[in-house]
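I would ask you to look first at the sequence and the structure on the screen.

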Amino acid sequence: MPSTSHPRTQEDRATRRADRTTIISIWSVPVLVIGQFAMLAIVPVTLALIVSLRHAHLRGLRRWTVALAAAYATPLILWAIGPERAPSLSKDMHPAFAALIVVAALAAAAAFHLGRRRPSTTGASSSERSDFPATP
């Protein structure tokens with residue numbers, strides 16, 4: 001029996017799933033870093049980076065997820081190559097690096113949410129603008 005779902009619907013689902021994965025990952029990074037689970041933050045950082053690089057509609061978010069990954073990778077690499085490693089990344093990480101990671105994650109989250117806004121209609125007053133896209 002052929003599937004009754006339309007390809008556009010499947011694309012919409014994939015887009016929503018990618019958006020959801022990305023934003024949950026981005027918001028979980030500062031929570032994990034502040035909560036002293038910095039080593040576990042490697043999972044959401046990697047997920048956010050991979051999803052933003054793979055999906056074209058997240059093109060505007062790529063530079064922010066790359067910045068987040070770089071901010072996270074710096075203390076991770078310093079911890080890994082350090083001669084006197086602490087038992088966890090959270091204990092070894094300088095507070096400035098933790099703050100940098102949190103700020104990078106918040107900037108990426110803001111870029112995601114602001115990128116989702118639709119540009120306003122030029123020349124129309126606020127009462128004439130539609131909050132919903134035009135139907136075909």
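Predicted model: local features only at pLDDT ≥ 70, side-chain atom pairs only at ≥ 80, totals over all residues.

The protein chain contains five helices and zero strands, and along the sequence its pattern reads α-α-α-α-α. Of its 136 residues, 29% count as buried. The accessible surface of the protein chain amounts to about 9,500 Å², and carbon and sulfur atoms account for 62% of that. If we take the contacts between residues at least 6 apart in sequence, 59% of them join residues at least 24 apart.

Let us now consider helix α2, which spans residues 42–54. This helix has 13 residues, and from its first C-alpha to its last it reaches 18 Å, close to the 18 Å expected at 1.5 Å a residue.

Which residues of α2 are buried? They are P44, V45, A48, V51 and S52. Viewed down the axis of α2, these buried residues fall within an arc of 145°, so they line one face of the helix. In general, an α-helix has 3.6 residues a turn, so residues three or four places apart point the same way. V43 and R54 are exposed, on the other side of α2.

Finally, I turn to S25, which lies in helix α1, residues 7–34. S25 has a relative accessible area of 5%, under the 20% cut-off, and is therefore buried. Leaving aside residues up to four places away in sequence, S25 touches P44, L47 and A48. Of these, P44 and A48 are among the buried residues of α2.

Conventions: Residues numbered from 1 in each chain as written. Heavy atoms only, no water. Helix = DSSP H or I, 4+ residues; strand = E, 2+ residues; numbered from the N terminus. Expected span 1.5 Å × (residues − 1). Buried < 20%, exposed > 50% of the residue type's maximum accessible area, 1.4 Å probe, protein only. Arc of directions from axis to C-beta. Contact = heavy atoms within 4.5 Å. Areas by Shrake-Rupley, 256 points an atom, 1.4 Å probe, with all protein chains shown as cover.
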